[in-house]
Amino acid sequence: MSDLKGNNILEKMMHEAERCLFCFDAPCEKNCPINLPISNFIHMIRNKNFYGAYEKVRESHPMINIAGFICPEEILCQKECIRSKIDSPVKIRELHNFLTLNFVKNQNLSLSPYKYEDVAIVGGGPASLSCTFFLRTLGYKTHIFTEEDIGGIPFTEISNDRLQKEIVKKDIDFIKDNFIYELNIEKVKSIEGLKKDFKAIFIGIGLGDETKLEIPGIDKDGVFYARKILRDLKNGKEISLGNRIGVIGGGNVAFDVANSLKNRFKEKEVFIIYRRGLKDLKCYPEELERAKNLGVNFYFQSSPIEISGDKKVEGLKVSQVSLKESEREKRRSFELIDKSEFIIPLDNIVVAVGQEIEDGIFPEIEKEDGLIKIDENYMTNLEGVFAGGDCINGGQTVTKAASEGKIAAFKIDEFLRRSK
Ligand SMILES: Cc1cc2nc3c(=O)[nH]c(=O)nc-3n(C[C@H](O)[C@H](O)[C@H](O)COP(=O)(O)OP(=O)(O)OC[C@H]3O[C@@H](n4cnc5c(N)ncnc54)[C@H](O)[C@@H]3O)c2cc1C
Ligand code: SF4
């Protein structure tokens with residue numbers, strides 16, 4: 001992203017705002033998970049009402065500082081921008097970020113007094129914080145119960161190269177100062193327990209476990225799981241790794257870990273090892289570009305078979321695969337090619353093949369396909385217990401999680417008013 005605080009930025013951003021066509025149906029907004037009033041805030045920028053534009057964004061999205069840096073705009077709002085039919089899409093995220101970096105005014109809101117009862121929020125990530133934000137705005141007392149301090153994945157795992165902790169802290173502090181009635185740092189073990197004290201509960205626990213890779217040799221020294229490494233990198237911990245590191249996976253987490261490692265240890269060789277092909281990758285296009293620029297290498301169509309070495313990793317045996325278009329799946333299906341195995345010499349292996357809801361968590365809550373099951377009102381099988389974010393959608397984006405927390409807040413409001 002270009003420097004949004006430097007000289008000439010005002011001129012550049014005014015030029016960018018001038019490019020907006022103010023489409024009557026604003027397709028950009030429809031493709032924003034939280035439906036930011038994009039054409040409206042761009043219009044305000046055009047009229048040099050910068051503080052007003054900032055307020056517009058702030059009141060619609062509780063994580064505006066985070067979103068300004070890591071919202072994948074090329075697959076969301078900007079993907080649908082009509083301006084791309086003329087030349088290129090309006091740089092919506094840059095305009096958004098320009099506002100949040102330059103036009104913050106009052107961070108201590110004087111919200112109206114509490115009108116309604118207390119609601120429990122389980123979790124401290126974007127989904128829960130968004131639910132808190134909108135419930136407090138509606139007049140509820142919000143009690144957060146979270147295993148560790150608030151912020152969720154953006155605070156603990158998304159690499160500092162893409163999202164500095166100070167940026168996340170701006171959103172966290174704003175929410176702490178204005179929207180949280182009571183913050184309890186504790187892991188919730190049972191929802192039934194909380195139900196005794198609260199008529200409505202929101203669950204936003206994310207995906208606490210990493211999907212295990214079950215191949216021979218997985219327990220050897222030198223094998224890590226991605227999110228543990230990301231946490232250590234985010235906290236600036238010492239990490240001891242060899243010269244050749246293989247990252248297994250093709251999603252955002254795999255790319256975040258590969259790019260962070262390559263950026264931190266420039267002299268080491270980092271490989272993405274993925275069983276499908278380039279066009280099947282599930283990472284953001286921007287992250288793929290970054291990987292190429294950083295010098296990350298790739299093994300495509302290579303399916304892990306076994307980790308070789310005595311006690312410690314010495315390599316990864318993979319089989320080549322053939323890919324076929326599949327009617328049932330979006331991505332191509334794959335088949336191992338007979339006698340095509342070879343060994344990639346490696347000193348370390350990082351597994352990044354997916355995330356799952358914490359094993360055995362909240363048995364009283366019904367799950368479907370490994371995720372918390374909700375109805376059209378975001379309510380679980382337990383009356384008055386709602387859920388949103390990664391634990392219902394399987395892991396998408398910060399803004400998607402925030403939008404689900406927002407919808408759930410309004411559904412909780414409806415529920416509590418109905419049951420009076
Ligand atoms: C490495 C990585 C990179 C990513 N990059 C991007 C990106 O660039 N852009 C983007 O938009 N999205 C990105 N995402 C996705 C995004 O971070 C998530 O979609 C989002 O954080 C989900 O929010 P959440 O609130 O549902 O869950 P989380 O952020 O996981 O928060 C869950 C919270 O619940 C708490 N918790 C868990 N269990 C309990 C319990 N039993 N009791 C109390 N508290 C509990 C946890 O401590 C945590 O605070 C990335 C994700 C990862 C893993
Ligand atoms: S789609 Fe593009 S041009 Fe149309 S309103 Fe949105 S930002 Fe402006």
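Tutor: Helix H12 is mostly covered, with 11 of its 13 residues buried, where buried asks for 20 or more other C-beta atoms, placed from the backbone, within 10 Å of a residue's own. This is a predicted model, in which local features need pLDDT of at least 70 and side-chain atom pairs count only at pLDDT 80 or more, while totals for chains, interfaces and linings use all residues. Residues are numbered from 1 along each chain as its sequence is written, and chains are lettered from A and ligands numbered from 1 in the order in which they are written.

Student: What do the buried residues of H12 pack against?

Tutor: They pack against helix H11 (226-234), strand S7 (244-248), strand S8 (269-273), helix H13 (285-294) and strand S14 (348-351), a contact being two C-beta atoms, placed from the backbone, within 7 Å. Helices (H or I, at least four residues) and strands (E, at least two) are DSSP runs, numbered from the N terminus.

Student: And how far apart are the end C-alpha atoms of H12?

Tutor: They are 18 Å apart, which agrees with the 18 Å that its 13 residues should span at 1.5 Å a residue, since the expected span is 1.5 Å times one less than the number of residues.

Student: New topic: in what order do the strands of the open sheet come?

Tutor: The 5 strands follow the order S3-S2-S1-S4-S18, with parallel pairing, and two strands pair if DSSP finds at least two bridges between them. Strand S3 (182-185) and strand S18 (385-387) stand at the edges with a single partner strand each, so one side of each is left without a neighbour in the sheet.

Student: How many bridges join S2 and S3?

Tutor: Strand S2 (residues 141-146) pairs with S3 over 4 bridges, and Thr146 has Ile185 in S3 as its bridge partner.

Student: OK, which residues come nearest to ligand 1?

Tutor: Of the 38 residues around ligand 1, the nearest are Gly123, Gly125, Gly152, Gly206 and Gly389, where near means a C-beta atom, placed from the backbone, within 6 Å. H12 is one of the elements that each supply at least two residues of this shell.

Student: And what surrounds ligand 2?

Tutor: Ligand 2 has 14 residues around it, and the closest are Cys20, Cys23, Cys28, Ser39 and Cys81. Helix H2 (27-30) and helix H3 (38-46) are the elements giving two or more residues to that shell.

Methods. Buried ≥ 20, exposed ≤ 12 C-beta atoms within 10 Å, placed from the backbone.
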